[in-house]
Amino acid sequence: MPAPTPRAWLIVCALGVAQIISWGSYFYAFALLMQPLQQQLEASQAVVVGAFSLALLVAGILSAPVGRWIDQHGGHALMSWGSLAGAALLALLSQVQSLLQLYLVWAGLGAVMAATLYDPAFAVLARLFKEGPRKAITVLTLFGGFASTVFWPLTQGLLDTLDWRQTLWVLAAINLLLCVPIHALLLPRAAPAGRHAAAAAPPRTRWRELLARPGFGWLCAAFTANTLVFSALAVHLLTLLGSRGLSPSQAAWVGALIGPMQVLGRVLEFVFLGQVRPSRLGALTLWLLPASLAVLLLAEGASPWIALFALLYGAGNGMMTIVRGALPAELYGREQYGAINGALATPVLLSKAAGPVLAAWLLGWLAPLPLIGVLAALGAIAALLFAQAIASHRSS
């Protein structure tokens, strides 16, 4: 197979920059914009967070159609128009005056997420790297791992200098001036496999056809359960760390460690585990989540156990993104990668929206310590479901 060209790696690096901006603008900035939006609309935190959850729901619903589109037409037009729409909607978000407007704008941003974040970028790379997209996906996620590191301080700095409306205008301008040109000028206009291959691609891959593939249903269940735990922890981690005896400042420092640990996990995968098949890497990676929560159960106050928790949790989260991106190509080939990866992303994004709500409901019934145990058990179930998915595929 031909080696990737320098231009192909240029596209990977440019897409990485775009991923930092897209994740930072549409996903991470919300945590800092939430309070100004509450004050502007005189709404509760739950109501404002509901708009963000709606965006994740929309992204989940659209993931499979987006993947099918990229299979047939490539990602140039979709990602270009998606980043242009994202810039426009961020500008519109600065003008919202009612909850209805807030929810409509975030519904639109959900569609933008489906067109610009990891899953469409993975599908583009699967078409671009004919010998296999694994290394390209790893490099892309190394860039993406810095989204919170860049955009939390950047957004906070803008809010300290400007008001929240002006901050959104700056974020919109960054997307317009950087993401739109990257997608419009660098992504190939035609699929690298050629026009005939694109024309020969099946026009539609239905859910029942995907579920008939060996292990696909088990795989969906495994990724959904795993993401449910990660998304629950993303919102409630500081509360759970406080329950283990950490002060708010100590808990914040532990939370700040997780982003670099994600990047570390991806670097370790790239340097040492690049030759390990995604299915085997996934079998290891899914167990890191329940292992990290078991360590958290043992921790008490600021101790080495807490540092070990942050390492296992962050590294597992970082490598899980690579597994999700590379596994469909290993198990089902690259011909319909976009449709299959998009279909896998649908329940994942839906569980990402549901996780914080489910954890908040459980906290109403359980103390933080039992909740950690429940989440650890759910993480272990996800690892067992993944093993069943791989076994079903291999026995077919």
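The face of helix α8 turned away from its buried side carries the exposed residues Asp-160 and Thr-161; here buried means under 20% relative accessible area, exposed over 50% and partly exposed in between, with a 1.4 Å probe and protein chains only. Helices (H or I, at least four residues) and strands (E, at least two) are DSSP runs numbered from the N terminus. The structure is a predicted model, in which local features need pLDDT of at least 70 and side-chain atom pairs count only at pLDDT 80 or more, while totals for chains, interfaces and linings use all residues. Residues are numbered from 1 along each chain as its sequence is written, and side-chain values use heavy atoms, with hydrogens and water left out.

The buried side of α8 is made up of Ala-147, Ser-148, Phe-151, Thr-155, Leu-158 and Leu-159. They cover an arc of only 115 degrees around the axis, which puts them on the same side of α8; the arc is taken from the directions from the helix axis to the C-beta atoms. An α-helix has 3.6 residues a turn, so residues three or four places apart point the same way. The buried residues of α8 pack against α1 (6–28), α2 (30–41), α7 (134–144) and α9 (164–186). In length, α8 comprises 15 residues (147–161) that should span 21 Å at 1.5 Å a residue, and its end C-alpha atoms are 21 Å apart, which agrees. The expected span of a helix is 1.5 Å times one less than its number of residues.

Helix α1 also holds Arg-7, which at 45% relative accessibility counts as partly exposed. Leaving aside neighbours within four places in sequence, Arg-7 is in contact with Leu-185 and Leu-186, where contact means heavy atoms within 4.5 Å. The C-alpha atoms of Arg-7 and Val-348 are separated by 32 Å, the two residues being 341 residues apart along the chain.

In the loop between α2 and α3 lies Glu-42. Most residues other than glycine have a negative phi. Glu-42, although not a glycine, has a positive phi of about 55 degrees. With a relative accessible area of 74%, Glu-42 is exposed.

Aromatic contacts can be followed next. Rings of Phe, Tyr and Trp (its six-membered ring) pair if their centres lie within 6.5 Å; planes under 30 degrees apart count as stacked, over 60 as edge-to-face and the rest as tilted. A search of the whole structure finds 15 such aromatic pairs. One of them joins Phe-52 and Trp-106 edge-to-face, at 5.5 Å centre to centre and with 85 degrees between the planes. Phe-52 lies in helix α3 (residues 45–73) and Trp-106 in helix α5 (residues 99–116), so the pair ties together parts that are 54 residues apart in sequence. Both Phe-52 and Trp-106 are buried, and they belong to one aromatic cluster together with Trp-23, Phe-27, Tyr-28, Phe-30, Tyr-118 and Phe-122.

The rings of Phe-230 and Tyr-313 have their centres 5.2 Å apart and their planes at 50 degrees, so this pair is tilted. Distant parts of the chain are linked here, with Phe-230 in helix α12 (residues 216–243) and Tyr-313 in helix α15 (residues 304–332), 83 residues apart. Phe-230 and Tyr-313 are both buried. Helix α12 also contains Thr-227, a buried residue with a relative accessible area of 9%. Beyond its neighbours within four places in sequence, Thr-227 is in contact with Val-348, Ser-351 and Lys-352.

Helix α15 has 29 residues and reaches 42 Å from its first C-alpha to its last, close to the 42 Å expected at 1.5 Å a residue. A kink of about 35 degrees lies at Ala-326, shortly before the proline Pro-328; the bend at a residue is the angle between axes fitted to the seven residues ending there and the seven starting there. The helix α15 is mostly covered, with 23 of its 29 residues buried. Just after α15, Gly-333 takes a positive phi of about 85 degrees.

The mean pLDDT, the predictor's confidence in each residue from 0 to 100, is 86 for the protein chain, and 93% of its residues reach 70 or more. Among the elements, helix α10 (residues 195–200) has the lowest mean pLDDT (44) and helix α4 (residues 76–93) the highest (97). Over residues 191–203 the pLDDT is below 50, and this stretch has 13 contacts in the model beyond near neighbours in sequence. Where pLDDT is low, the predicted coordinates should not be read in detail.
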